[in-house]
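Let's walk through this structure together, one question at a time. Keep the viewer open and follow along.

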Amino acid sequence: MRDALLIALFAFLGATTAGVLGAGVLLLIRRRSLTAHMAVVAAVAVAAMLAGTLAVARAMFLSPHDLSVVTTVVAMAAVVSLVTALLLGRWVVARSRELALAARSFGDGGDFAAPDGPAAAEFAALSRELEATSVRLAESRDRERALESSRRELVAWISHDLRTPLAGLRAMAEALEDGVAADPDRYLRQIRTEVERLNEMVGDLFELSRIHAGALSLSPARMSVYDLVGDALAGADPLAREHGVRLVGDGVEPVPVEVDGREMSRVLGNLLVNAIRRTPADGTVAVSARRAGKGVVLSVTDGCGGIPEEDLPRVFDTGWRGSDARTPPAGAGLGLAIVRGIVEAHRGRADVRNVDGGCRFEVTLPVAG
């Protein structure tokens, strides 16, 4: 038993010496190729075995012949191990370069295609992750292009919508200043109307910028959908009377929700104003609220005649205003974008679909716990 412990001790000391030296070499070549690292690891394994063997041989006073036999066996094992490590290292490096080239292709705007040929489990997992990343990156590029397109359209429309009232305000101000206005009171009322329109437009832009910047601060409170819809209908009633549109809010269930009352009032107000302006005189705008699973669905149905199917996915995009026939005289196409931003900030969802004679905007919110 004592001899066995001594043998184990001498073998451990010899192997440890080789291991420490190998760790030092690995530290020195840590920036070199993976092939060199694998060769050092194989050499350390063989050197550790040889060092342990030599230490035990000297301690046990083996004959020179036996020692030469053991050394020769270890040397042959070292050659085979080094060759195997070099071959494996070259294969790993080649596979890594193939993956790097494939990854560079989708980084430059292309799609990732995994290299052909067999691969280790780790390389296969890495290829799958790179492929999934390539798909997400392509989707991100598409979203970025759509956002950039909508920004360009928004800038063009905002420039036009601002230029028209500003030109009118300038003309009316010059007329009042020169004393050539036939009806100064009418001019003043018109100036006030245009200023309010510009103020609403600037307010929408500010709200949209807060939404896009993630700076929309909510103060949620528990309230009933019935009260929320009632307040929105009362606020939109004067505009509905002016356009000769009937407001109907009979199918509203008193479902509790936890929302920011001010922001959700803006959502319903935007939907109602949008529906009233697009519904012809003597038409009807209906508002309903119903529980659906763990959420509540608020819907506003108008009589606009429907939206082309190809335009439905763009309805909530920034600056979208549809065809000329559906473009109202006021607004810059920001209302529905603000609706979606506020609803998503409440962990909800905004949708639109065509119904008989018009379209229905639906806002889905989680029910208060």
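Q: In which loop does Asp282 lie, and is Asp282 buried or exposed?
A: This is a predicted model, and in it Asp282 lies in the loop between α7 and β4. Asp282 has a positive phi of about 70° although it is not a glycine. Its relative accessibility is 61%, and the cut-off for exposed is over 50%, so Asp282 counts as exposed.

Q: Where is Arg347 found, and what is its phi near?
A: Arg347 is found in the loop between α8 and β6. With 68% relative accessibility, Arg347 counts as exposed. Arg347 is a residue other than glycine, yet its phi is positive, near 60°.

Q: Which residue in the hairpin of β6 and β7 takes a positive phi?
A: This hairpin has 2 residues between the strands. The strands β6 and β7 run antiparallel and are joined by 7 bridges. The residue with the positive phi, near 85°, is Gly357.

Q: Which residue in β7 stands opposite Asp351?
A: Strand β7 covers residues 358-366, while β6 covers 349-355. Across this antiparallel pair, the residue opposite Asp351 is Glu362.

Q: What is the strand order of the open sheet, and which are its edge strands?
A: The sheet has 5 strands with mixed pairing, in the order β2-β4-β5-β7-β6. From one strand to the next, the twist averages 15°. An edge strand pairs on one side only, and here the edge strands are β2 and β6.

Q: Which helix lies across β2, β4, β5 and β7, and at about what angle does it run to β7?
A: The strands β4 and β5 comprise residues 284-292 and 295-301. The helix lying across them, and across β2 and β7 too, is α7, residues 261-278. Its angle to β7 is about 175°.

Q: Across which strands does α8 lie, and at about what angle does α8 run to β7?
A: Helix α8 is made of residues 335-345. The strands it lies across are β6 and β7, and its angle to β7 is about 25°.

Q: At roughly what angle do the axes of α5 and α8 cross, and is the crossing left-handed or right-handed?
A: Two packed helices are described by the angle between their axes and the distance between the axes. For α5 (residues 184-212) and α8, the axes come within 10 Å and cross at roughly 35°. The crossing is left-handed.

Q: Which residues of α5 and α8 meet, and how do they divide into nonpolar, polar and charged?
A: From α5 come Asp204, Glu207, Leu208 and Ile211, and from α8 come Ala337, Ile338, Gly341 and Ile342. The residues of this contact divide into 5 nonpolar, 1 polar and 2 charged.

Q: How many disulfides does the structure hold, and how far is the sulfur of Cys304 from that of Cys359?
A: A disulfide needs two cysteine sulfur atoms within 2.5 Å. Cys304 is in no disulfide, and Cys359 is in no disulfide either. Cys304 counts as buried at 19% relative accessibility, and Cys359 counts as buried at 0%. The structure holds 0 disulfides, and the sulfur of Cys359 is 3.4 Å away from that of Cys304.

Q: Which residue in β3 is the bridge partner of Met223?
A: Strands β1 (residues 221-224) and β3 run antiparallel, with 4 bridges joining them. In β3, the partner of Met223 is Val257.

Q: Where is Leu99 found, and how far apart in space are Leu99 and Leu126?
A: Leu99 is found in helix α3, residues 64-107, and at 4% relative accessibility it counts as buried. Leu99 and Leu126 are 27 residues apart in sequence. In space, C-alpha to C-alpha, they are 8.7 Å apart.

Q: How many helices and strands does the protein chain have, and what percentage of its residues count as buried?
A: The secondary structure comes to 8 helices and 7 strands. Of the 369 residues, the share that count as buried is 34%.

How values were computed
Residues are numbered from 1 along each chain as its sequence is written. This is a predicted model: local features need pLDDT of at least 70, side-chain atom pairs count only at pLDDT 80 or more; totals for chains, interfaces and linings use all residues. Side-chain values use heavy atoms; hydrogens and water are left out. Axes are lines fitted to C-alpha atoms, for helices over the stretch in contact, and angles run from 0 to 180 degrees between N-to-C directions. A crossing is left-handed if the near helix is turned anticlockwise from the far one by less than a right angle, and right-handed if clockwise. Contact means heavy atoms within 4.5 Å. Ala, Val, Leu, Ile, Met, Phe, Trp, Tyr, Cys and Pro count as nonpolar, Asp, Glu, Lys and Arg as charged, and the others, Gly among them, as polar. Two strands pair if DSSP finds at least two bridges between them. Buried means under 20% relative accessible area, exposed over 50%, partly exposed in between (1.4 Å probe, protein chains only).
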